[in-house]
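Dear colleague,

I am handing over the structure below, and the notes that follow go through what was found in it. Please read them with the model open beside you.

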Amino acid sequence: MVEKNLKSKVLVEDDRTGTSVETLKRAIADNLFYIQGKFPDVATRNDQYMALAYTVRDRLVHRWLTTTKSFIKRDCRAVAYLSAEFLLGPHLVNNLINMELYDNVKQAVEEIGLDFDTLIAQEEEPGLGNGGLGRLAACYMDSLATLNIPAIGYGIRYEFGIFDQVIRDGWQIEITDKWLHYGNPWEIARPEHTFEVQLGGHTEGYTDNKGRFQVRWIPERVINGVPYDTPISGYKTTNTNTLRLWKAEAPESFNFKAFNTGDYIGSVHEKMFSENISKVLYPNDEPIQGRQLRLEQQYFFVSCSLQDMIRIHFANGQKLETFHEKFAVQLNDTHPSIGIAELMRLLVDIHAMDWDRAWEITEKTFGYTNHTLLPEALERWEYELFASVLPRHLEIILEINRRFLETVKKKYPGDNGKLQRLSIIDESGRKFVRMAHLASVGSHSINGVAELHSHLLTTDVLKDFYELWPKKFGNVTNGVTPRRWMLVANPELSELITDTIGDGWTHDLMQLKKLEPHANDAKFRKKWSAIKREVKAHLAEYIKMHNSVTVDPDSMFDVQVKRMHEYKRQLLNVLYIITLYNQIKDNPKLDIAPRTFIFGGKAAPAYAMAKLIIKLINSVADEVNNDPIVSKKLRVVFLADYNVKLGQQVYPAADLSEQISTAGKEASGTGNMKFALNGALTIGTLDGANIEIREEVGDENFFLFGLTDAEVKQLKSNNYRPRDFYESNESLRRVIDQIASGHFSDGNVQIFSPIVDTLLNQDVWMLLADYQMFVDAQHKVSEAYKDQDNWTKMSILNVARMGKFSSDRAIQEYCDNIWNVDPVKVVLEDIDPVALVCAV
């Protein structure tokens with residue numbers, strides 16, 4: 001009888017993979033009971049969220065394991081994306097949308113009496129990044145899965161991510177980010193794939209049994225790297241890739257001998273030391289201990305990752321000589337560039353490959369993406385520090401450099417200046433190891449992330465390398481994923497777009513071009529404007545709740561949210577706010593468009609000037625918001641603890657996007673893309689991707705100001721004197737004098753004196769030179785905003801013309817021009833519980 005029933009195959013939806021509302025309800029209840037160990041009457045909100053997250057993860061794991069199995073079976077070439085940061089944002093909603101489960105899951109949650117939005121808000125955001133670099137990596141992981149590209153992301157599982165920011169008395173205060181406090185339902189530990197990482201010590205030579213000279217590294221310390229895997233879903237596809245993050249652990253976490261002799265601290269010393277490696281994102285690197293920890297962090301995750309790739313390669317039955325044929329390894333900036341020396345060590349020292357063959361494999365394996373034009377951001381390590389932490393790698397780098405400089409000598413005989421500029425070792429003073437040089441020498445491809453940035457790499461930052469190897473260089477302009485930044489962040493606008501032009505744009509962002517004719521449709525403009533007004537009202541509620549400031553959703557939301565750094569020129573924006581403040585004080589009847597200035601962003605804990613600028617923003621906000629005259633037309637708010645979750649509220653609500661960095665300093669930027677993609681108009685300089693955005697949306701829909709990169713260099717070469725601008729511009733002089741006099745600091749003339757001194761005596765970032773052009777451009781913005789109907793038309797055209805800036809397009813360019821990786825489409829097979837019983 002049982003056999004007959006089994007053969008009849010009456011299929012019942014599996015509670016772990018089924019997607020009907022009833023099955024989802026059962027699954028949530030089961031996970032609450034069996035995973036969280038709670039019954040509904042005592043379950044906390046976090047228990048409810050965890051039960052929901054595990055329910056979604058079950059369905060995601062089904063796709064993930066199917067994908068992994070398919071990739072192994074097909075023996076395909078894969079991308080390995082090495083990044084010190086992955087700023088993923090919340091997983092739940094993104095996975096629901098990608099897996100097309102949003103509606104059913106929401107209904108299931110509501111039918112069991114829970115509030116869906118409350119559970120969504122409960123998710124703790126993993127702060128595993130500091131800004132654009134980590135968020136770009138997350139967008140690229142989304143696109144890799146969506147485009148069905150076999151890929152693994154490798155990074156660090158920081159126990160404490162980027163700090164939580166609170167504002168007290170206007171100052172930034174850093175609070176520990178305990179994102180793992182309640183557990184992480186999206187990750188699975190893989191301790192069976194733990195690897196050892198060596199640090200310190202010394203090397204010694206020996207002759208192996210084949211008579212070859214070899215080098216043995218005798219480390220001072222050994223640390224274990226334990227992988228934690230997170231599945232990364234693709235949009236409307238089975239394909240689900242892996243993000244593998246490494247946690248540092250001690251080989252022996254407890255010393256019984258020390259404990260039994262009363263040395264209780266010593267008994268766990270090794271555990272504490274080892275776990276420091278993955279304890280916190282970007283420790284303060286001003287003290288030498290902080291710099292050593294950063295170097296150890298970078299080597300730790302790169303070594304684990306390369307050892308893991310070799311393990312996978314062997315597990316698939318491959319020979320090491322074909323490693324570069326199966327893995328395309330991309331260095332996301334200079335942080336992972338030690339990987340070049342590490343792969344050479346693994347090939348030569350561990351697997352006894354001859355140097356020339358190992359170097360050929362290494363060079364064909366790596367591609368290098370440069371993300372900065374700032375010299376201080378091009379990592380370099382003190383020679384002595386590097387030697388103490390990675391003695392074997394220094395020897396390998398010296399040999400790489402010796403061979404490399406021999407080729408340079410042949411091409412440029414007698415040009416010692418060229419040799420010094422190209423050398424991986426900087427010997428112009430105190431000796432340093434230049435990691436961007438190592439990445440350039442050891443990679444087959446070098447790319448910038450915007451057309452201007454890539455051009456400046458070839459004419460300035462890496463000019464000598466470009467002259468040596470012009471074919472190595474290329475450009476891949478950054479992009480952002482429309483799934484996170486439109487479907488998740490702005491569902492109302494996404495729905496309007498889909499209702500108007502179909503849903504093809506979510507896969508092919510160039511289809512947004514179909515919106516252009518609708519910009520001339522008054523009814524469509526009215527719908528567009530109503531959605532913008534609604535999301536602004538939601539953000540206004542958030543501001544009221546968190547800042548205790550009432551803002552008008554009908555005012556222009558003028559937004560600058562990004563990492564706090566002087567070159568991004570939040571300070572220039574503040575100078576303009578004070579200018580407006582003065583104009584209104586002088587003429588309360590001044591006819592301007594009311595504005596709400598919205599700032600957000602974190603300053604590095606040791607970056608005193610950036611933290612002082614945050615204080616100034618909040619001090620100006622206090623003055624403006626409490627002035628009975630000015631506050632009728634201006635409001636200023638600083639949103640504390642800006643992150644991906646908050647960004648999902650801010651980008652859709654913005655009317656004006658402030659992209660005002662000094663020309664030639666921003667590599668690309670992606671915030672500019674997110675704003676424009678959500679209908680904000682841009683005021684900006686000809687810097688980074690601003691140039692390409694302006695080309696796409698049209699100069700009539702972009703508020704341009706400021707010196708060009710060439711003009712910045714020319715002015716500096718002519719001994720730029722910022723005081724000349726201060727003395728010749730009455731409005732500017734008044735603003736700076738107010739800051740200096742204590743007008744915004746209760747008469748305290750000392751607090752902001754470093755800002756005033758920097759502006760008047762150095763002004764490295766050319767704020768005073770650009771000030772009047774910025775004021776003039778902002779006047780044009782104000783006049784344009786008064787014509788709301790035309791502003792809405794410009795907003796629609798901005799979105800319609802942003803198709804180029806999809807991370808899907810960027811990843812496709814990497815695949816075609818750098819990685820030579822093809823998509824592998826995976827088909828999901830339904831799980832048949834009866835078939836499983838029969839198999840057993």
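Subject of these notes: sheets, rings and a loop

Three strands form an open sheet in which the order is 13-15-14 and the pairing is antiparallel; strands, like helices, are DSSP runs numbered from the N terminus (helices being H or I of at least four residues, strands E of at least two), and two strands pair if DSSP finds at least two bridges between them. The edges of this sheet are strand 13 (380-382) and strand 14 (425-426), each of which pairs on one side only. Strand 13 is joined to strand 15 (residues 432-434) by three bridges, the two running antiparallel, and W381 has V433 as its bridge partner in strand 15. R380 lies over the face of F432, at 3.7 Å from the ring centre, where a charge sits over a ring if NZ of Lys or CZ of Arg is within 6 Å of the ring centre and within 35 degrees of the ring normal.

Before going further, please note that this is a predicted model, in which local features need pLDDT of at least 70 and side-chain atom pairs count only at pLDDT 80 or more, while totals for chains, interfaces and linings use all residues. Residues are numbered from 1 along each chain as its sequence is written, and side-chain values use heavy atoms, with hydrogens and water left out.

A further open sheet has six strands in the order 20-19-18-21-22-23, with parallel pairing. Strand 20 (634-639) and strand 23 (702-704) stand at its edges with a single partner strand each, so one side of each is left without a neighbour in the sheet. From one strand to the next the twist averages 20 degrees, with axes taken as lines fitted to C-alpha atoms (for helices over the stretch in contact) and angles running from 0 to 180 degrees between N-to-C directions. Helix 25 (residues 608-625) packs on this sheet and touches strand 19 and strand 20, its direction making about 145 degrees with that of strand 20; contact here means heavy atoms within 4.5 Å. Strand 18 (residues 556-561) and strand 19 (residues 595-600) run parallel and are joined by six bridges, and M556 has R595 as its bridge partner in strand 19.

Strand 1 (residues 78-82) is mostly covered, with five of its five residues buried, where buried means under 20% relative accessible area, exposed over 50% and partly exposed in between (1.4 Å probe, protein chains only). Strand 1 runs parallel to strand 11 (residues 327-332), with five bridges joining them, and it also pairs in the parallel sense with strand 2 (residues 151-156) over four bridges.

The structure holds 24 aromatic pairs, a pair being rings of Phe, Tyr and Trp (its six-membered ring) whose centres lie within 6.5 Å, with planes under 30 degrees apart counted as stacked, over 60 as edge-to-face and the rest as tilted. One of them is the tilted pair of W217 and Y299, at 6.4 Å centre to centre and 55 degrees between the planes. Because W217 lies in strand 8 (residues 213-218) and Y299 in helix 11 (residues 288-315), the pair ties together parts that are 82 residues apart in sequence. W217 counts as buried at 7% relative accessibility, and Y299 is buried with a relative accessible area of 0%.

Finally, G414 is placed in the loop between helix 16 (391-411) and helix 17 (416-422), and at 74% relative accessibility G414 counts as exposed.

With best regards
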